[in-house]
Amino acid sequence: MSTKLLLDKANIEGIRFYKAYRENGGYAAVEKAFKMTPTEIVEEVKKSGLRGRGGAGFPTGMKWSFLAKPEGVPRYLVCNADESEPGTFKDRYLMEFLPHLLIEGLIISSFALGSNRTYIYIRGEYAWIPDILEHAIEEAKQNGWLGKNILGTGFDCEIYVQRGAGAYICGEETALIESLEGKRGNPRIKPPFPAIKGLWESPTVVNNVETLAAIVPIFNIGGEEYAKIGVGKSTGTKLISACGNINKPGVYEIDMTISVEEFVYSDEYCGGIPNGKRLKACIPGGSSVPILPANLLFKTAKGETRLMNYESLSDGGFATGSMMGSGGFIVLDEDQCIVRHTLTLARFYHHESCGQCSPCREGTGWMKRVLYNLEYGKGKLSDIDLLWDIQRRIEGNTICPLGDAAAWPVAAAIRHFRDEFEWHVLNPEESQVRNFGLAHYADAREVMV
Amino acid sequence: MIQFSEKSLNEVQKIFARYPEGKQKSALLPVLHLAQEEFGGWLDVPVMDYVAELLGITPIEVYEVATFYSMYNMKPVGKFVFEVCQTGPCMLRGSDDIINYIKSKLGISVGETTPDGLFTLKVVECLGACGYAPMMQLGKHFREHLTPEKVDSIIEECRSFSAINN
């Protein structure tokens with residue numbers, strides 16, 4: 001049995017529109033929240049234990065409580081809909097099919113934070129979605145949930161949709177703010193944090209789409225009830241976008257108690273690997289987080305069952321674990337080449353580096369070129385150490401986390417699949433016509449029985 | 001002379017109204033999208049200068065933004081731009097084969113436009129459709145679960161759309 005708080009109504013006909021959404025309990029959370037004070041709302045979110053669903057997993061209530069409130073200065077809430085992490089497509093699903101859920105969450109959050117102008121910054125490529133969102137905003141406005149003096153509280157709020165124009169870096173909150181100000185997406189040096197100086201130098205909170213949508217069930221069932229779902233500090237439900245070599249790619253809502261093995265093989269979720277192939281590796285939380293070989297995916301290094309939650313996925317640190325990240329779950333079957341796959345990710349980060357910091361600007365391109373040589377049979381054994389050295393010098397040495405995000409996939413690929421890289425060097429011709437295969441990265445399921 | 005249509009100028013005013021007084025520079029990205037749509041699918045220097053004037057900012061502020069974001073074209077493109085994703089999750093589902101198929105079918109390399117000016121092939125990085133891979137962006141929409149047959153029908157669809165609208 002799985003608990004559904006976000007997608008429970010996804011299959012109701014017409015749920016994209018106000019009428020069906022309202023008839024099925026929509027906007028009840030606003031009614032409830034608007035009877036509370038902004039401070040009480042923040043406390044309720046703290047009680048829920050909700051953590052940012054964009055990738056960092058920072059407690060949302062705490063982030064809200066950091067917001068500065070100087071007299072006479074506007075405050076802003078910005079919804080981060082710049083979803084660009086390879087493997088991640090959950091926010092798109094929410095906005096496309098349940099736009100009112102996001103708008104409802106935004107109204108409550110805007111009220112709690114005192115944001116009279118709230119922006120949804122959506123990646124430019126999702127070009128058809130602003131129309132859907134703007135329609136939902138218009139419907140909400142017509143029914144008195146937005147505009148002036150909402151529900152007689154004296155609170156005014158407008159929500160605007162802003163399209164980006166193709167830049168992964170704008171998912172980083174300060175780059176997003178720069179972009180929203182009509183500039184290049186160059187991340188800012190922190191401090192000052194956006195909570196003090198954000199959009200147009202005003203205090204600003206930037207939250208992910210799924211985080212803001214999750215505000216709705218928190219007020220429907222109460223923060224304490226929400227916190228009872230899940231395990232430990234992984235409360236509530238999480239959307240996982242599953243892709244790669246699986247039978248049923250798509251967006252799934254999980255409560256964070258299920259095992260990774262169940263998620264991969266159960267027909268309720270990924271439905272196993274197509275064509276009877278075996279599992280080779282998996283990136284469980286979006287392309288930036290470490291890739292895990294099959295034998296570390298279902299069980300931790302200590303031999304415990306690995307669960308789909310923040311703590312369990314990161315059990316073992318980077319040596320033997322990974323991260324929950326954004327919930328972009330990428331599965332690789334036995335036919336996939338780790339070198340080629342890592343090359344595509346290195347190319348991605350090189351393409352997306354904003355160019356501000358030299359370690360990232362130069363390092364990402366360098367890693368891409370070295371990986372290209374390895375993939376195409378022109379590499380040397382020393383290139384593997386060189387790659388390791390480059391990634392180590394990028395990590396932690398940049399203004400924003402893109403540098404780390406570029407370094408980690410390369411580091412993890414070498415850490416767990418070094419012999420596959422060596423095989424490419426030692427068999428330059430053979431590696432052009434066939435892949436390394438599964439070798440000793442046995443499918444964890446086969447090892448166990 | 002470059003000048004937005006009445007409809008686009010109204011749209012620009014609506015975009016300006018989203019921001020507080022004096023923060024109209026924020027309209028730059030949305031207005032560049034409008035400009036690219038209206039002035040031939042790419043941003044020529046006079047177009048960018050016009051946008052600068054409209055927003056009351058210097059031309060360099062427009063150039064630096066236009067060249068930063070991948071969706072703005074800095075040179076002319078065909079009527080239909082195939083933007084095929086090649087990042088990890090799409091690669092796992094065969095995007096390399098799709099890119100090669102389009103190349104041979106249209107007789108062009110990545111970054112080129114067919115001599116009739118109809119098609120441009122671009123490769124792009126992750127567009128957020130990983131579960132529906134391989135995929136491409138065509139105009140405002142995504143085309144997902146691509147196969148050679150599907151690519152054929154998309155090319156046909158574009159050709160007949162172009163024939164009807166010429």
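Start your tour by selecting Cys85 of chain B: Cys85(B) sits in strand β1 (residues 80–85) of chain B. Helices (H or I, at least four residues) and strands (E, at least two) are DSSP runs, numbered from the N terminus. Before you go on, note that this is a predicted model, in which local features need pLDDT of at least 70 and side-chain atom pairs count only at pLDDT 80 or more, while totals for chains, interfaces and linings use all residues. Residues are numbered from 1 along each chain as its sequence is written, chains are lettered from A and ligands numbered from 1 in the order in which they are written, and side-chain values use heavy atoms, with hydrogens and water left out.

**Stop 1**

Is Cys85(B) buried or exposed? Cys85(B) is buried, with a relative accessible area of 3%. Here buried means under 20% relative accessible area, exposed means over 50%, and partly exposed is in between (1.4 Å probe, protein chains only).

Show the surroundings of Cys85(B). Leaving aside neighbours within four places in sequence, its contacts include Cys90(B), Cys126(B) and Met135(B); contact means heavy atoms within 4.5 Å. Cys90(B) belongs to helix α5 (residues 88–92) of chain B and is also buried, at 3% relative accessibility. With neighbours within four places again left aside, Cys90(B) touches Cys85(B), Ser95(B), Ala133(B), Pro134(B) and Met135(B).

**Stop 1: some backbone details**

Stay with Pro134(B), in the loop between β2 (119–124) and β3 (136–138) of chain B. The peptide bond that leads from Ala133(B) to Pro134(B) is cis, with omega near -10°. Most residues other than glycine have a negative phi, and most peptide bonds are trans.

Jump to chain A for another cis bond, from Lys190(A) to Pro191(A), with omega near -5°. Pro191(A) is in the loop between α8 (173–180) and β4 (204–208) of chain A.

Next, select Tyr27(A), whose phi is positive, near 70°. Tyr27(A) lies in the loop between α1 (18–23) and α2 (28–33) of chain A, and counts as buried at 0% relative accessibility. Back in chain B, His145(B) has a positive phi near 50°. His145(B) is partly exposed, with a relative accessible area of 43%.

**Stop 2: an enclosed strand**

Select residues 75–81 of chain A, which make up strand β1. This strand is largely enclosed by the rest of the structure, because 7 of its 7 residues are buried. Arg75(A), Leu77(A), Cys79(A) and Ala81(A) point one way, while Tyr76(A), Val78(A) and Asn80(A) point the other way.

Which strands pair with β1(A)? Strand β2 (residues 115–122) of chain A runs parallel to β1(A), over 7 bridges, and β4(A) is also parallel, joined by 5 bridges. Two strands pair if DSSP finds at least two bridges between them. Look at Cys79(A): opposite this residue stands Ile120(A) in β2(A), and its bridge partner in β4(A) is Asn207(A).

**Stop 3: a mixed sheet**

Now find the open sheet of 5 strands in chain A, in the order β8-β7-β11-β9-β10, with mixed pairing. β8 (250–255) and β10 (292–293) of chain A stand at the edges with a single partner strand each, so one side of each has no neighbour in the sheet. Strand β9 (residues 279–283) and strand β11 (residues 328–333) of chain A are antiparallel, joined by 4 bridges. Among these residues, Cys282(A) has Val331(A) as its bridge partner in β11(A).

**Stop 5**

Finish with helix α18 (residues 402–426) of chain A, where 20 of its 25 residues are buried. Select Phe421(A), one of the residues with the most contacts inside the largest nonpolar core, which has 158 residues. α18(A) gives the most to this core, with 10 residues. A nonpolar core is a set of buried Ala, Val, Leu, Ile, Met, Phe, Trp, Tyr and Cys residues joined through side-chain atoms within 4.5 Å. A second, separate core of 26 residues includes Val264(A) and Met308(A).
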